[in-house]
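Here is a brief report on strand pairing, domains and core packing. Keep the structure open while reading.

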Amino acid sequence: MIFKRDILGCFFILSICVMTGLGVNALSPNGIALRGQWNPDQGVVMAGANKTHAVDVLQINDPLKVKRLVESGTMIVLDVRWPEIYDLGHIPGALNFPLGDFEEEKKEMLSRITPEDEILVYCAGVTCHDSHTFATRLVEMGFAHVAIYAGGFAEWEEMGFDVAGKGTDP
Amino acid sequence: MNKLFRIKNGAHLSSMDLGRHTGIIEWVLRLFLGSTFIFASWHKIVSPDQFATILYGYAIFPHQFINVLAIVIPFVEIVCGITLITGLLKRSGLLLINAMLVGFILLISFNLIRGHEFDCGCFSLGDTKGTWSSVWLLVRDLGMLGAGVYLFRLFNKKDSR
C-alpha cells in the first residue's frame, strides 16, 4: 500500500535532487549547459559546457568546404580517433593524435604544429565529442586558429570523398 | 503466539525465526539495490556531458530536456540509494527506484521493438551496443524491479505489524 506520506516523500527527494544537481552542475568544472546542441544539422551534437567554462570553437558543417580546405593544403588536419580506427581509413593527409593519448603525445604533437597554424580537428561523426574536447584543449593552450569538422569521418566517407588507409598517405 | 510453520524438508520454523530471516532478506535487498544505484550514479555525476550524449542516443527524449535530465537523474539515483541504505525516507526512495526501473524497462523495450541500438550508460559510459546486450539489460532491470517490489511488500508487512 502506498501512503500519502510516501508520495510526499518522493516529492521531497525529487526537490532535493533537482536543487543539488543544479547546484553541483553550476559549480563543477565538468558542468554542462542547461540546454545542449542536439540538432545534427547544426553541427556536433553535445551537451555544451556551462557558461563559466565554455570555450567557443569554430565548427565547419559544410563537407564541400572541408574538402576544399583539405585539398588546398592550407590547414593541418588532425584525426583524434584511436590509431586502429584511423588505420582503417581517414581523411588524406590527416595526422593521428588520439584524444585519449593527448598528454602522452603532446610533445610529439607540438613538434608538428604551432599556435599560428590553421588546424582542423575531426573524429567519428556528429555524436562524437572528442574533436570538440581536443579542439578546446588546443584553444586553451593558445592555438588561435582551430576549427572542428562537425560531420567527422562518417560524413566524409558518406560523401564519397577520397579516403586514405594505413600507409597510403602521400 | 509462537505459531509454527512447516517448510519443505519437514523442519519447523517459528514465526520469530521467520521474522529474523525476513529481516535479513530485507537488509540484503536494501543494501543490494541501494549500493547498485549509488554505484550507477557516480560516473554520470562526474561526466554529465557523456551521460547527456547517451540520453540523446536513446532517441526518445525531447532535445530541450536532455541536459536537465542528465543533470538531475544521477542525483535521484544516488539520493534514493542513500535513503534505502540509511533507512531515512526508505519507502519513498524505494518507490522512486521502482519507478526509475519501470522507466528503464519501458525505454529498453521500446528501443528493442523498433530495432534502435543504443548505449545503456547504466554502470559505465560506453557500454556495448547490440540486441543481446539490450535483452540482458532488460532481464537485469526486470530482476531488480522484482526485488524492489518484493522489498516494498516487506516494508508494508513490517509497517502493518
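## Strand pairing in chain A

This is a predicted model. In it, I60(A) stands opposite Y149(A) of strand β5(A). The strands involved are β1 (residues 58-60) and β5 (residues 145-149) of chain A. They run parallel and are joined by three bridges.

Strand β5(A) also pairs with β4 (residues 118-122) of chain A. That pairing is parallel too, with four bridges. Here L120(A) faces A147(A) of β5(A).

## Domains of chain A

Chain A splits into domain 1 (1-31) and domain 2 (40-158). Taken over C-alpha atoms, the centres of domain 1 and domain 2 of chain A are 38 Å apart.

## The largest nonpolar core

The largest nonpolar core holds 63 residues. V121(A), A70(B), V76(B) and I97(B) have the most contacts inside this core. Helix α3 (residues 63-86) of chain B is its biggest contributor, giving 11 residues. Domain 1 (1-31) and domain 2 (40-158) of chain A both supply residues to the core, so the core lies between them. In soluble globular proteins, nonpolar side chains tend to be buried together.

Take V76(B) as an example. Leaving out residues up to four places away in sequence, V76(B) touches L14(A) and C17(A) in chain A, and L96(B) and M100(B) in chain B.

Conventions: Residues are numbered from 1 along each chain as its sequence is written. Chains are lettered from A and ligands numbered from 1 in the order in which they are written. This is a predicted model: local features need pLDDT of at least 70, side-chain atom pairs count only at pLDDT 80 or more; totals for chains, interfaces and linings use all residues. Two strands pair if DSSP finds at least two bridges between them. Helices (H or I, at least four residues) and strands (E, at least two) are DSSP runs, numbered from the N terminus. A nonpolar core is a set of buried Ala, Val, Leu, Ile, Met, Phe, Trp, Tyr and Cys residues joined through C-beta atoms within 7 Å. A residue is buried if 20 or more other C-beta atoms lie within 10 Å of its own, exposed if 12 or fewer, and partly exposed in between; C-beta atoms are placed from the backbone. Domain bounds come from an automatic or database domain assignment. Two residues are in contact if their C-beta atoms, placed from the backbone, lie within 7 Å.
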